[in-house]
Amino acid sequence: MAYSTSCLCISIEVLCLFGVIILHVVLYELTVLRKGGIQPFKRGFFCNDQSIMKPFREESTSLAGTFSAGVVVALVVIVIHEVGNHFTKPKLTREPIFKEKKEFGRAKIPTFIIRMLHRMAFFITGMAAVLVFCDVLQLLTGRLRPHFLAVCKPNATLFNCSTGYITADVCTGDPLKIKNARLSFPSIHTVSTAYSLVFIAICLQAIVYLRKFKMFRFLMQVKLFLLSIAVGLLRIKDYYHHWSDVVAGALIGAFTAWLVAVKAMKLFEEPKAQTPTYTLLPDEDVNKPTEKSKEELDK
């Protein structure tokens, strides 16, 4: 994997990292935390729609908790992956510690440390980008949560169920809760959890010294998979999402994690063995063209 060294490339990458993070924070503030701000698509409903008649209850899992736990564990696994792989690879495939000399004053940073920080930035950028994508999806779809009618508290005098699909503004509940009840698809909790846990599972697969402990690695990956499913089931149990919201969130998070880990970071790419080349010519004559090669060039 080629790592950018010029100031321009580094500046662009830093700008992308913080730009996506700031964009997500702004969208979250305007869509979830404020009554005004950006409003989701106002979807109507049927009076006899059983899927949105569930009671309102408090969340079992907070977004801040699942998000922070996933990010912290993933960053720790990246550190273990880079440090462990560097010091356990065979000498022929191991990069010299100071192959790329990054000097900051008198300090020199090893190559694998730079690669580790770069991959941390990739992970965080991918997380922020997928959350921005899902924020936009929630605003565009405006799907009603299973507890929508419980927080909407519709005024029965303002509509008639015999008319069928009701699109009028008949809610009398808390405006912020009503707004959040229109942000069901996809499940942000499931997206962030699936992204973090699938990324961690891929990192475990790429750690060189865990190849000797295949059963242990497999059990860890199964636990991560089951934990991701448990978070999605809790969202359904608490009546915050429909099952299709959770499935879509899991697929989006898992695909993004695979894209970042395998395609962007290239975790499974290993440097080729640096085998020495043997020649009877002196060192200074190795790169000199021979008489035969000169004749071929002249032709």
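**Exercise 1. Which side chain meets R119 in a salt bridge?**

Before the solution, two notes on conventions. Residues are numbered from 1 along each chain as its sequence is written, and side-chain values use heavy atoms, with hydrogens and water left out. The model is predicted: local features need pLDDT of at least 70, side-chain atom pairs count only at pLDDT 80 or more, and totals for chains, interfaces and linings use all residues.

Solution. 
Step 1. Apply the criterion: a salt bridge is a side-chain nitrogen of Lys or Arg within 4 Å of a carboxyl oxygen of Asp or Glu.
Step 2. The side chain of R119 meets that of E82, at 2.2 Å from N to O.
Step 3. Locate the partners: R119 lies in helix α3 (residues 111-141) and E82 in helix α2, 37 residues apart, and the pair links distant parts of the chain. Helices are DSSP runs of H or I with at least four residues, strands are runs of E with at least two, and both are numbered from the N terminus.
Step 4. Check burial, where buried means under 20% relative accessible area, exposed over 50%, and partly exposed in between (1.4 Å probe, protein chains only). Both R119 and E82 are buried.

**Exercise 2. Find how many salt bridges the whole structure holds, and characterise the pairs E59–R235 and D245–R143.**

Solution. 
Step 1. A search of the whole structure gives six salt bridges.
Step 2. E59 and R235 meet through their side chains at 2.7 Å, N to O. E59 sits in the loop between α1 (7-33) and α2, while R235 belongs to helix α7 (residues 214-237), 176 residues apart.
Step 3. E59 counts as partly exposed because its relative accessible area is 38%. R235 has 1% relative accessibility and is therefore buried.
Step 4. The side chains of D245 and R143 also form a salt bridge, at 2.7 Å, N to O. Here D245 is in helix α8 (residues 243-264) and R143 in the loop between α3 and α4 (148-152), 102 residues apart.
Step 5. D245, at 0% relative accessibility, is buried; R143, at 27%, is partly exposed.

**Exercise 3. Describe helix α2 and state how it packs against α3 and α6.**

Solution. 
Step 1. α2 spans residues 63-88, which is 26 residues, and reaches 37 Å from its first C-alpha to its last. That is close to the 38 Å expected at 1.5 Å a residue, the expected span being 1.5 Å times one less than the number of residues.
Step 2. Buried residues in α2 include G70, V71, A74, V77, I78, H81 and E82.
Step 3. α2 and α3 pack at about 155°, with axes 10 Å apart. Axes are lines fitted to C-alpha atoms, for helices over the stretch in contact, and angles run from 0 to 180 degrees between N-to-C directions.
Step 4. This angle makes α2 roughly antiparallel to α3, since angles over 145 degrees count as roughly antiparallel, under 35 as roughly parallel, 65 to 115 as roughly perpendicular and the rest as oblique.
Step 5. The crossing of α2 and α3 is right-handed; the near helix is then turned clockwise from the far one by less than a right angle, and anticlockwise in a left-handed crossing.
Step 6. Contact means heavy atoms within 4.5 Å. Among the residues that meet are G70, A74, I78 and E82 of α2 and R115, R119, F123 and M127 of α3.
Step 7. With α6, α2 makes an angle of about 15°, the axes lying 9 Å apart, and the two are therefore roughly parallel. α2 passes α6 in a left-handed crossing.
Step 8. The α2–α6 contact includes L63, T66, V77 and N85 of α2, and I188, S192, F199 and A206 of α6.
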